[in-house]
Structures are given as C-alpha cells and as structure tokens.
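Me: Hi! I have a structure to go through with you, and I'd like to ask things as they come up.

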Amino acid sequence: MDTASSKPDSTQQTASFTTRMDAQKSIITLYDIASGPRVRPYAPNPWKARYALNFTNTPYCTTWVPLPEVAATREKLGIPACRKHADGTDFSTLPILYDPTTTSSTQQEGTFVGDSFDIAIYLHNKHSSPDGGRPPLFPPNSLALHRTFNAHIDALFTFNGAQLAGYYMPFDPATAEASRAEFARRAGVSRWEDLEIPPGSEERKKKVTAFEAALGSGLAGWFVRRDEGPFLEGRTPMYADLIVGGWLQMMRNCLPEWEELREWHGGLWGRLYDALEEWAEVS
C-alpha cells in the first residue's frame with residue numbers, strides 16, 4: 001500500500017493553512033467584555049450586537065477585552081467614547097465591531113463601529129436582502145421608533161434590574177479588583193460593597209417588586225397584544241426583541257432572582273429568552 005499518497009504534501013498543507021488564515025482575516029470581530037472563568041458574555045449592549053450578528057447570519061469571532069482595558073482599547077483603535085457619565089466625562093464601553101472587508105470613509109482599511117445600535121444599523125444595511133426567508137433586523141420605516149425603544153429599554157433596566165444584578169457581575173478574577181473599583185467610581189460610591197443590596201433584605205424585596213412592576217407597566221403590555229408568538233410582532237422577530245434580549249441575558253447571568261423573573265407576567269420573559277436562544281451562539 002502506498003501510504004505516502006494518502007498524506008497531503010507540504011504545498012497542500014501550506015495552501016490549506018493560507019486559506020484558513022485568509023478566511024480568518026475576512027471575518028468580522030466583535031469586541032466584548034471578558035468575564036470568567038469560564039469566559040461568557042454578560043453585558044447587555046454587547047449581547048445586542050451578538051444577537052444581531054447571529055440574526056443576520058454574519059460570520060464573526062470575539063475578542064475578549066478585560067474591563068479595565070476597555071477605555072485603552074477604544075483609544076488604541078481610534079474610536080471615541082459614545083456615551084457620557086452624569087458628570088460629563090467619557091464613558092468608554094463595548095461593544096465594538098470591526099469589519100475588515102470594507103473601507104471606511106477615512107480610507108482606512110476596514111470599518112469600526114463603536115455603538116450597539118449603530119452596529120445593528122450597519123448589519124441591517126449590509127444584509128439589506130435577508131436570505132432564507134429571514135426577516136430584516138428593522139422592518140421598513142421603523143428606525144426612529146427602534147432608537148426610541150432602545151433608549152426606553154435601557155432606562156427601564158438600568159434604573160431597576162441593573163441595581164439588583166450589577167453586584168453579581170461575573171468579573172474575571174484576574175482584573176476583578178480593578179473592575180469593582182471602576183464600577184464604584186461610576187456609581188459615585190467609595191466602596192464596591194456599598195452597591196450590594198443583600199439577598200433577603202427588605203430593601204431588596206421592595207426593589208424586586210418594583211422591578212416587576214416596572215416591567216409590567218413599561219414593557220409587558222406591548223408583547224401580549226399578539227398571542228401567536230413570543231415576539232413583539234408575534235411570530236416575527238425584529239431588533240426590538242433583541243434589545244430586550246440583551247438585557248435578559250444580563251439578568252440571566254447576574255440576577256439571583258432570574259428564575260423568578262422568568263415567570264413574571266405569565267412567563268413572558270422566559271418565553272422570549274428561550275425563543276432568542278436560536279441567535280445566542282457565542283463565536
């Protein structure tokens with residue numbers, strides 16, 4: 001038996017390696033906040049971008065950035081902060097998307113997009129002709145409504161759920177001390193421990209009840225108007241559903257009362273979270 005003929009020669013191996021490297025260079029990169037161990041995404045805005053990438057069937061890979069290095073990463077990539085703290089200082093956060101297959105308006109190789117909503121618009125425009133019967137991220141003439149909805153959902157969860165979940169974020173142990181100090185600074189408290197609302201305390205019980213009520217009055221009613229599916233438009237998902245999904249992912253990873261939340265409002269949030277699992281792959 002000629003065993004040599006069954007093995008690829010060095011030329012074939014080199015060509016195969018080059019092909020794989022070229023394919024890697026053409027894949028979009030999503031910059032997300034590192035956690036661990038194990039590394040898993042938990043921040044809501046990167047989750048919105050990740051959902052959108054999967055929804056549009058866009059190949060991508062993830063670069064995990066330690067939380068204390070987010071500002072330096074944005075500066076290194078030349079992407080200014082897209083948000084501000086209450087005191088007017090820059091709020092450097094993720095996600096960032098890098099598409100190496102395009103040329104930006106400044107003629108630099110590749111395109112950087114540094115805000116989750118802008119990433120969704122970018123992917124929507126890039127995939128303006130959805131394949132396989134998949135609906136578009138944004139239904140026609142809905143961009144302004146989506147932008148308003150995004151701001152509303154961010155405020156609703158930030159002032160309710162994030163207060164209950166933030167203390168339990170799964171920081172990378174290697175940078176946990178610096179991450180906690182940064183979050184305490186952002187919150188205007190002197191110690192990380194000041195942000196804890198102890199489980200079982202009366203204060204926490206009141207805030208959990210208030211969170212449930214806020215979701216009920218500020219969001220749940222918009223979903224239950226259609227009973228043929230778990231999404232805002234029934235069976236047909238759109239970016240608005242992914243916006244809520246991004247925050248549900250944070251609650252899933254950080255909120256001790258997650259299983260309780262899943263059952264609120266007739267199990268609405270559990271059904272939505274489960275339906276979005278189709279686009280929750282981490283690449």
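Me: Is Pro-256 buried, partly exposed or exposed?
Reply: Pro-256 counts as partly exposed, because its relative accessibility is 46%. The cut-offs are under 20% relative accessible area for buried, over 50% for exposed and partly exposed in between, with a 1.4 Å probe and protein chains only. Bear in mind that this is a predicted model: local features need pLDDT of at least 70, side-chain atom pairs count only at pLDDT 80 or more, and totals for chains, interfaces and linings use all residues. Residues are numbered from 1 along each chain as its sequence is written, and side-chain values use heavy atoms, with hydrogens and water left out.

Me: Where does Pro-256 lie?
Reply: In the loop between H9 and helix H10, which spans 258-275. Helices (H or I, at least four residues) and strands (E, at least two) are DSSP runs, numbered from the N terminus.

Me: And what is Pro-256 in contact with, leaving aside neighbours within four places in sequence?
Reply: Leu-164, Tyr-168 and Arg-204 are the contacts of Pro-256 once those neighbours are left aside; contact means heavy atoms within 4.5 Å. Tyr-168 is 88 residues apart from Pro-256 in sequence, yet their C-alpha atoms are 8.0 Å apart in space.

Me: Let's switch to Ile-119. Is it buried or exposed?
Reply: Ile-119 is buried, because its relative accessible area is 0%. You'll find Ile-119 in helix H4, residues 116-126.

Me: What does Ile-119 touch, not counting residues up to four places away in sequence?
Reply: Ala-49, Pro-95, Ile-96, Leu-97 and Val-113. There is also a C-alpha separation of 9.0 Å between Ile-119 and Lys-48, which are 71 residues apart along the chain.

Me: OK, which way does phi go for Asn-57, positive or negative?
Reply: Positive: phi of Asn-57 is near 55°, and this is a residue other than glycine. Asn-57 is in the loop between H2 and strand E2 (60-65), and counts as exposed at 54% relative accessibility. Asn-141 has a positive phi too, near 60°. That residue is found in the loop between H4 and H5 and is exposed, with a relative accessible area of 79%.

Me: New topic: how much space lies in the largest pocket?
Reply: About 1200 Å³. On a 1 Å grid over the protein atoms alone, a pocket is an open set of points where a 1.4 Å probe fits, with protein on both sides within 12 Å along at least five of seven lines; lining residues have an atom within 4 Å of a point. Grid points are joined across faces, edges and corners, and the volume is the space filled by probe spheres set on the points.

Me: Which residues lie nearest the centre of the largest pocket?
Reply: Phe-91, Thr-158, Ala-162, Phe-183 and Arg-186, out of 36 lining residues. The lining divides into 23 nonpolar, six polar and seven charged residues. Here Ala, Val, Leu, Ile, Met, Phe, Trp, Tyr, Cys and Pro count as nonpolar, Asp, Glu, Lys and Arg as charged, and the others, Gly among them, as polar. Elements that each supply at least two lining residues include helix H5 (143-158), helix H7 (176-187) and helix H9 (239-254).

Me: And the largest nonpolar core, how many residues has it?
Reply: The core has 71 residues, and Phe-157, Leu-219, Met-251 and Trp-269 have the most contacts inside it. H9 gives the most to this core, with ten residues. A nonpolar core is a set of buried Ala, Val, Leu, Ile, Met, Phe, Trp, Tyr and Cys residues joined through side-chain atoms within 4.5 Å. Not counting residues up to four places away in sequence, Phe-157 touches Leu-219, Trp-247 and Met-251, among others.

Me: Last one: how many helices and strands does the chain come to?
Reply: Ten helices and six strands. Of its 283 residues, 46% count as buried.
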